[in-house]
Amino acid sequence: MSKYLVNGGFRLCGSAELQGAKNSALPILAASLMCGGESVIFNCPRLSDVSAAANILRYLGCSVRREGDAVLVNCDAVCREDIPDSLMREMRGSVIFLGALLSRNGRAVMTFPGGCDLGPRPIDLHLKALKSLGAQIKERYGVIECSAPNGLSGAKIALSFPSVGATENIILAASTAKGTTTLTNAAREPEIVDLCEFLNKAGAKIYGAGEGVIVIDGVKSLSGVNHTVIPDRIVAATLMSAAAATGSQLVLEGVIQSHLNAVISVFEESGCYIKCEMGKMLIKPPERLSAMPMIRTMPYPGFPTDAQAVLMSAACLGKGTSVFVENIFENRYKHVGELLRLGADIRVENKVAVVNGREKLYAAEVEARDLRGAAALVVAALAAEGESEISGIEYLERGYEDFELLLSSLGAKVKRI
């Protein structure tokens, strides 16, 4: 198992190019399953989750290869309609293949997904929506069997919660269904828009992506296309947090400002100077952050749950008290116990975390237990005095491409062992 050794207390400097968004790349890889010919996905990050998605495609009979930052997928020879448990357990987002496989083959068999344990993330919204489209679903002993012997047909679907995964599965399944699907209370995340842009290039007819209501006119078939994945806004938030925690001025390249408005406003209210221009972002923090305004995680365009942990690490060094309210996942505070080992002052009660800022944090041995918690520990260790040892780095590698190399290029003292 890999670990990071982080010698903290050093300022960062320079510029960093953002990687492609993990949460865009995974559904787009699933969508390529529905396309005839070859799809070329540029700016596709080198992550363990992306490798897991590629392994699922290969198991199904697709050809998948990487050339530089591009992944090339040809699914003309698909020969399976099941995904084994061993592959489903590799990543939490593997359920996204349900809608694509059902659309492609008219049948899909899989187990429940694995990945980070963030508490209940039921897929009942996915299954209910697919039933509305005409799918027949059986669940036995953790195995889901979906079939559409008469094909899928458009329907009016209203989600009780704007679930990103359910929205993606509905879009995938409805893209080649007969007739029109109207999805109300759809997720509005930039990654949803990116998926729809890929599908529309491939021949789909999807309208309203990024809004609360999405309309999908089903088409007979889709064709492979070239597409560039959007930059990862959560990696941007992580690097902004690292800059703020260490009092460092950084430039981020490849930024889409509108994707980060909720995060930018928090840093600005904490005393950071931020300037965005021509796809670049300059962040210049004060010598010490002020307390952050109350952060409530919400569906987009609200504050993203994936950025909560890394901003909490920065808040641990702020002046005053910051309050976090986690409204999306139940188990999203696993990093708190490890931040306490580094000297943080945090109290948690149910979904609320109260952070009393300290002037310093101190090195310790800590263990990551999920992806964003791992990033939070790295941010805190960069600011802590002494050398910290962070285990559980396999979680980090699910969402951050060669993170130790990126940080080292910015002047951090990080070594992977």
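Reader: Which helix supplies the largest share of the lining of the second largest pocket?

Author: In this predicted model, the largest share, 3 residues, comes from H8. Helix H8 (233-246) and helix H12 (371-383) each give at least two residues to that lining. The second largest pocket holds about 340 Å³ of space. Of its 17 lining residues, Ala-245, Thr-246, Glu-287, Glu-359 and Ala-383 are the closest to its centre.

Reader: What makes the space lined by Leu-18 and Pro-231 a cavity?

Author: A cavity is a set of points where a 1.4 Å probe fits but cannot get out, whereas a pocket is open. The search of the whole structure finds 1 cavity of 30 Å³ or more. The largest cavity has a volume of about 40 Å³, and its lining includes Leu-18, Pro-231, Asp-232, Arg-233 and His-259.

Reader: How many residues of each class line the largest cavity?

Author: Its lining has 6 nonpolar, 1 polar and 2 charged residues. For the second largest pocket, the classes are 8 nonpolar, 3 polar and 6 charged.

Reader: Which residues touch the most other members of the largest nonpolar core?

Author: Of its 79 residues, these are Leu-33, Leu-57, Ile-83, Phe-97 and Leu-199. Helix H2 (residues 48-60) gives the largest share of this core, 7 residues. Another core, of 75 residues, lies apart from it and includes Ile-234, Ala-245, Val-255 and Ala-364.

Definitions and conventions
Residues numbered from 1 in each chain as written. Predicted model: local features only at pLDDT ≥ 70, side-chain atom pairs only at ≥ 80, totals over all residues. Heavy atoms only, no water. 1 Å grid on protein atoms, 1.4 Å probe; cavity = no way out; pocket = protein on both sides within 12 Å on 5 of 7 lines; lining within 4 Å. Points joined across faces, edges and corners; volume = space filled by probe spheres on them. Nonpolar A, V, L, I, M, F, W, Y, C, P; charged D, E, K, R; others polar. Helix = DSSP H or I, 4+ residues; strand = E, 2+ residues; numbered from the N terminus. Core = buried A, V, L, I, M, F, W, Y, C linked by side-chain atoms within 4.5 Å. Buried < 20%, exposed > 50% of the residue type's maximum accessible area, 1.4 Å probe, protein only.
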